[in-house]
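This report describes one protein chain for a reader who is new to structures. Please look at the sequence and the model first, then read the sections in order.

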Amino acid sequence: MSGQIRTPYFLVDEKRLIQNLELLKKVEEEGPCRILLAQKAFSMFSVYPLIRKYLVGSTASGLYEARLGKEEFGGETHVFSPAYREDEFEELLTYADHLVFNSPSQLRKYSPRARALGKETGLRINPECSTQEGHAIYDPCAPGSRLGTTLEQFEEELLPLLDGLHFHTLCEQDSDDLETTAEVFEKKFGKYLYQMKWVNFGGGHHITRKDYDVERLLRIVRHFHETYGVTVYLEPGEAVVLNAGYLVTSVLETLYNGMDLAILDTSAACHMPDVLEMPYRPPLKNSGEPGEKSYTYRLGGPTCLAGDVIGDYSFDMPLKEGDRLVFEDMALYTMVKTNTFNGMPLPSIALRHVDGSKEVIRSFGYEDFKKRLS
Ligand SMILES: *Cc1c(COP(=O)(O)O)cnc(C)c1O
């Protein structure tokens with residue numbers, strides 16, 4: 001690699017990715033269970049062949065992700081959508097082999113066509129068991145949720161249309177919350193599992209986080225597998241690439257307005273929208289909390305949005321134009337969410353190979369901005 005890669009760019013670290021995948025593989029083998037990549041969190045398809053060595057397939061939220069999974073990932077292609085579209089369904093059936101429906105009416109409408117082609121069909125359950133505080137927009141069990149079928153909405157006449165049941169209620173959670181949810185799910189729907197081929201525990205399992213309780217997860221998986229004779233599926237997104245990617249950026253300018261400010265060549269609004277949506281302050285290499293190190297700066301993007309602020313960080317040395325700053329844990333829910341608001345360029349996508357060499361897989365230009373408009 002000669003010279004430095006132009007910033008901003010996402011850098012996925014193959015070695016870190018493989019560490020995550022090895023743990024997930026262990027869970028698959030020891031469960032036993034089958035693990036799918038949730039493409040919603042991470043769709044960098046150039047590394048799908050690597051991930052495919054460890055995971056059995058991918059899951060999608062609609063036609064495009066299903067097609068990407070079928071074409072680039074291989075293995076099992078699962079799809080869940082809150083509402084399928086009539087004008088896409090025939091094509092979707094050419095990609096997906098497991099389809100999960102959100103409601104009894106969607107199941108009745110679409111599942112006979114899927115089953116006629118030998119596809120497996122399931123229903124997403126809302127176990128009505130909230131286990132997360134803080135992030136209400138990520139709680140599908142909140143009152144008024146449109147996601148999943150409650151016990152009250154469920155009908156036993158649906159059983160002949162079903163190969164499996166699915167729930168997805170967690171977000172960045174440990175296996176104690178899965179246990180709480182699984183117990184409620186089992187109390188309400190366990191009796192139907194004897195007739196099912198599989199149960200899918202969704203995503204939101206922070207399996208590759210250092211302090212995640214993997215043994216408890218394995219106990220829950222084993223319990224369902226042994227009690228009901230079902231195949232257990234997990235479909236994590238975040239956990240696959242947790243701490244396996246960076247966003248490398250440069251300082252464009254520093255200024256002062258009652259406090260030190262720096263403008264970077266990356267934007268929270270365009271390149272890491274979860275920073276504003278969730279919101280959260282992303283980890284930044286070699287930095288401290290505000291005031292912890294000698295020089296504290298508020299870091300912001302080069303867009304005209306006043307709120308395009310990444311956060312306040314402190315450094316050992318004053319920042320200057322051209323300094324490189326490396327945001328951490330930037331593989332998940334970033335590349336899949338970028339946009340070109342304000343004419344912002346999209347960050348390049350690069351890979352650090354196991355041998356340490358860096359490869360730019362893709363870079364973007366003016367045409368990518370223009371193509372989305374008319
Ligand atoms: C978002 C989502 C996932 C993946 O969630 P993570 O939090 O990234 O693990 C899995 N399944 C469904 C149905 C989802 O909506």
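## Two domains

The centres of domain 1 and domain 2, taken over C-alpha atoms, are 34 Å apart. Domain 1 covers 31-241, and domain 2 is made of 245-330 + 338-370; these bounds come from an automatic or database domain assignment. To the contact between them, domain 1 gives 8 residues and domain 2 gives 9 residues, where contact means heavy atoms within 4.5 Å.

The model is predicted: local features need pLDDT of at least 70, side-chain atom pairs count only at pLDDT 80 or more, and totals for chains, interfaces and linings use all residues. Residues are numbered from 1 along each chain as its sequence is written, and side-chain values use heavy atoms, with hydrogens and water left out.

## The nonpolar core

The largest nonpolar core has 94 residues. Such a core is a set of buried Ala, Val, Leu, Ile, Met, Phe, Trp, Tyr and Cys residues joined through side-chain atoms within 4.5 Å. Buried means under 20% relative accessible area, exposed means over 50%, and partly exposed is in between (1.4 Å probe, protein chains only). The members that touch the most other members are Ile51, Leu55, Leu99, Phe201, Phe224, Leu299 and Phe327. Helix 7 (residues 214-228) gives the most to this core, with 7 residues. Both domain 1 and domain 2 give residues to the core, so it lies between them.

Helices (H or I, at least four residues) and strands (E, at least two) are DSSP runs, numbered from the N terminus. In soluble globular proteins, nonpolar side chains tend to be buried together.

## One side of helix 4

Which residues of helix 4 (residues 86-95) are buried? They are Phe89, Leu92, Leu93 and Tyr95. These residues cover an arc of only 145° around the axis, which puts them on the same side of helix 4. The arc is that of the directions from the helix axis to the C-beta atoms. Among the elements covering the buried residues are helix 3 (63-73), strand 4 (76-80), strand 5 (98-101) and helix 5 (104-116).

## The annotated binding site

An unreviewed UniProt entry carries the annotation "binding site" for Glu238 and Asp274. UniProt positions are given in the numbering used here, feature names are shortened, and annotations may be inferred rather than shown by experiment. The two residues span 37 residues in sequence, yet no two of their C-alpha atoms are more than 13.1 Å apart, so they gather at one spot. Both Glu238 and Asp274 belong to the lining of the largest pocket. On a 1 Å grid over the protein atoms alone, a pocket is an open set of points where a 1.4 Å probe fits, with protein on both sides within 12 Å along at least five of seven lines; lining residues have an atom within 4 Å of a point.

Glu238 lies in helix 8 (residues 238-241) and is buried, at 12% relative accessible area. Leaving out residues up to four places away in sequence, Glu238 touches Ala41, Glu172, His206, Leu332 and Tyr333.

## Backbone details

Glu172 is in the loop between strand 7 (164-166) and helix 6 (175-193). Its phi is near 55°, a positive value in a residue other than glycine. Asn342 also is not a glycine and has a positive phi, of about 65°. Asn342 sits in the loop between strand 14 (324-328) and strand 15 (348-352).

The peptide bond from Thr7 to Pro8 is cis, with omega near -5°. Another cis peptide bond joins Met278 and Pro279, with omega about -20°.
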